[in-house]
Amino acid sequence: MKQNTLFNAYEPLASRIRPSTLEEYVGQKHLVDKGKILWQFIENDYIPSMIFWGPPGTGKTTLARIIANTTKAEFINFSAVTSGIKDIKKVMKEAQQKNDLGIKTIVFVDEIHRFNKAQQDAFLPYVEKGSIILIGATTENPSFEINSALLSRCKVFVLYALLVEDIVELIKKTLNSEKGYRDQQIEISEEDIHIIASFASGDARNALNTLEMVILNSPKENDVIKVTSKIIEQCTNRKSMLYDKNGEEHYNLISALHKSMRNSDVDAAIYYLARMLEAGEDPLYVARRLVRFASEDIGMADSRALQIAIAGYQACHFLGMPECSVHLTHVVTYLSLSVKSNSLYMAYEKAKNDALKTLEEPVPLHIRNAPTKLMKDLHYGEGYQYAHDFEDKTTDMTCLPEKLKDQHYYFPTTQGSEAKVSIRMKQIKKLKEKNRKK
């Protein structure tokens, strides 16, 4: 008989607190909120073969276990790290026998991307015949890591890194749960809960492990465990930073990042980027600001800046923190060192002011479409000049409303590629003047 000891009786917090129902589950609201697709599958006990794709600690295994608790099917847990083809074939044979008796089997494969092609192929005939329901979990893009034949027979659900608000909710549930710390008196501030949630970088397991370590190492006074920021710093080896995503410091830092890049101060830009990320800022928020900067402060002076900013956003979306920090550094460095021009920003602002003042101005008749006879009778499209019919691919036709016909908005600088744009615009102006004289 196995004796329980200090070493074998202890179960980690992340395992103890694992949800067993959708009501207890935190995050991934786009999938599991009432009425959403995965909620309906589970509620109706209609489970197709599926792949859960997302970063570590986002609830992939937990969702599989919730399905196991609610479905009428048998549930088998596979690990791609320890299972070989022989194990797969044995389980598949047993599942087929049960299926013949009308018993469904769900096979959950954690880290399915670690299976090679031959191992993945072993599942295929059983998924095709419906002998098993396969649920795979992966941190890697299934388009690249899972055989196309198997992937085409599975529905892919994308799980995202948890929001700080989600992790705060999880921590509070844990503190009040009988499986967590309900029976203990724990004194922890709202600010310290947010610090732990921010340090977790969207990973629920990381957050719970940190919370557990913090509580185990916090002093006890009169049966009250007192958690402090200093203890959190010691347990995470990271200094708590003054940072509120909805407060002044948030806007101070994004302003400092933007203005450092605008001033081509690459060192300051990288520093403020690090300040934000290490304090728990959402990397996708930073990536969106960089996309804006690429057109607002660089624009046509280097159009490749926008492409690089978009690529950086996609990298953040695929990887999340901490891996995507280097991608954001790449983008910030490129934008900081690029030639600068705010001509596009100024052009839009000037055009916006005119647009707001002239909302009632009609579009000139000659550049309106005329798909019906009535529109043609009303002279829609009459006098339109098709640029491709002209040798220089341009005409002297005016496209602005009458009140604004001589207005100009875009004034290119001589910076970078915009110098060529300026030359091209002068060429177009001369061609229009030549066509006007004909």
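Predicted model: local features only at pLDDT ≥ 70, side-chain atom pairs only at ≥ 80, totals over all residues.

Me: What makes Cys-324 count as being in a disulfide or in none?

Reply: The nearest cysteine sulfur to that of Cys-324 belongs to Cys-316 and is 3.7 Å away. A disulfide requires two cysteine sulfur atoms within 2.5 Å, so Cys-324 is in no disulfide. By this rule, the model has zero disulfides.

Me: How do you know whether Cys-324 is buried or exposed?

Reply: Its relative accessible area is 0%; since the limit for buried is under 20%, Cys-324 is buried.

Me: Why is Tyr-386 called partly exposed?

Reply: Tyr-386 has 42% relative accessibility. Exposed begins over 50% and buried lies under 20%, so Tyr-386 falls in between and counts as partly exposed. Tyr-386 is located in the loop between α19 (373–377) and α20 (418–437). Together with Val-363, Ile-367 and Tyr-384, Tyr-386 makes a nonpolar surface patch of about 370 Å².

Me: What makes β7 and β8 paired strands?

Reply: Two bridges join β7 to β8 (residues 224–226), and pairing requires at least two bridges, so the two strands count as paired. They run antiparallel, and Lys-220 stands opposite Ile-225 in β8.

Me: Why are β6 and β7 said to stand at the edges?

Reply: The open sheet has three strands in the order β6-β8-β7, with mixed pairing. β6 (185–187) and β7 (220–221) each have a single partner strand, so one side of each is left without a neighbour in the sheet.

Conventions:
Residues numbered from 1 in each chain as written. Heavy atoms only, no water. Patch = residues over 30% accessible without salt bridge, like charges linked within 9 Å, V, L, I, M, F, W, Y side chains within 5 Å. Areas by Shrake-Rupley, 256 points an atom, 1.4 Å probe, with all protein chains shown as cover. Salt bridge = Lys/Arg side-chain N within 4 Å of Asp/Glu carboxyl O. Helix = DSSP H or I, 4+ residues; strand = E, 2+ residues; numbered from the N terminus. Buried < 20%, exposed > 50% of the residue type's maximum accessible area, 1.4 Å probe, protein only.
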